[in-house]
Amino acid sequence: MATIQCRVVSAREEIYTGEISMLIATGSEGEVGILAGHTPLITLLKPGSMRIQLPDGSEEVIYVSGGVLEVQPKFVTVLADTAVRADDLDEAKIIEARKQAEQMLVNQSETLQTNAALASLAESVAQLQTIRKYRNRA
């Protein structure tokens with residue numbers, strides 16, 4: 001199978017660099033699969049899991065909180081706000097963050113707090129979904 005170079009970078013660090021067989025992510029218009037020879041593309045990413053299939057058949061699962069996916073003829077770049085390998089996500093911390101976000105929604109007193117709580121809740125749900133997808137593949 002043909003390969004393409006890939007680089008996944010967050011605001012803090014480089015998460016992955018190397019050859020891949022396929023990348024699957026959730027863009028603004030839905031799920032997108034990238035193979036070698038894909039048409040050039042730029043799309044916003046929604047929070048959730050991103051799967052990278054390596055040439056040896058193994059797979060990396062990475063949680064991204066949003067960002068940009070750019071596809072060029074020989075290179076795929078993911079610039080994520082936050083990107084974390086699925087096996088590095090701490091389920092207990094995520095569940096606690098989800099509870100705090102739910103509590104913030106119950107105790108909301110202004111729109112700004114509501115928006116922050118909803119964003120935090122959406123992120124924790126997406127992280128938990130990433131953990132579950134990763135566990136099902138491992």
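Is Thr43 buried or exposed? Thr43 is buried, with a relative accessible area of 12%; buried means under 20% relative accessible area, exposed over 50%, and partly exposed in between (1.4 Å probe, protein chains only).

The model is predicted, and local features need pLDDT of at least 70, side-chain atom pairs count only at pLDDT 80 or more, and totals for chains, interfaces and linings use all residues. Residues are numbered from 1 along each chain as its sequence is written, and side-chain values use heavy atoms, with hydrogens and water left out.

The protein has two helices and ten strands. Helices (H or I, at least four residues) and strands (E, at least two) are DSSP runs, numbered from the N terminus. Their order along the sequence is β-β-β-β-β-β-β-β-β-β-α-α. Of the 138 residues, 36% are buried. The accessible surface is about 7900 Å², and carbon and sulfur atoms account for 50% of it. Accessible areas come from the Shrake-Rupley method with a 1.4 Å probe; for residues, only the protein chains shown count as cover. Contact means heavy atoms within 4.5 Å. Among contacts between residues at least 6 apart in sequence, 50% join residues at least 24 apart.

Thr43 lies in strand E5 (residues 41–45). Residues up to four places away in sequence aside, Thr43 touches Gly27, Ser28, Gly67, Val68 and Leu69. Its side chain also makes a polar contact with the side chain of Ser28, at 3.4 Å. A polar contact is a pair of N or O atoms within 3.5 Å; within protein, one must be able to donate a hydrogen and the other to accept it, and residues adjacent in sequence count only if both atoms are side-chain atoms.

Val9 sits in strand E1 (residues 4–10). Val9 is buried, at 15% relative accessible area. Beyond neighbours within four places in sequence, Val9 is in contact with Glu14, Ile15, Val78, Leu79 and Ala80.

Side chains of opposite charge can pair when their charged atoms come close. The protein has three salt bridges, each a side-chain nitrogen of Lys or Arg within 4 Å of a carboxyl oxygen of Asp or Glu. Glu14 pairs with Arg7, with the closest N and O atoms 2.6 Å apart. Glu14 is partly exposed at 44%, and Arg7 is partly exposed at 35%. Arg51 pairs with Glu59 at 3.4 Å. Arg85 and Glu60 meet at 2.3 Å, N to O. This pair links distant parts of the chain: Arg85 is in strand E10 (residues 83–85) and Glu60 in strand E7 (residues 59–64), 25 residues apart.
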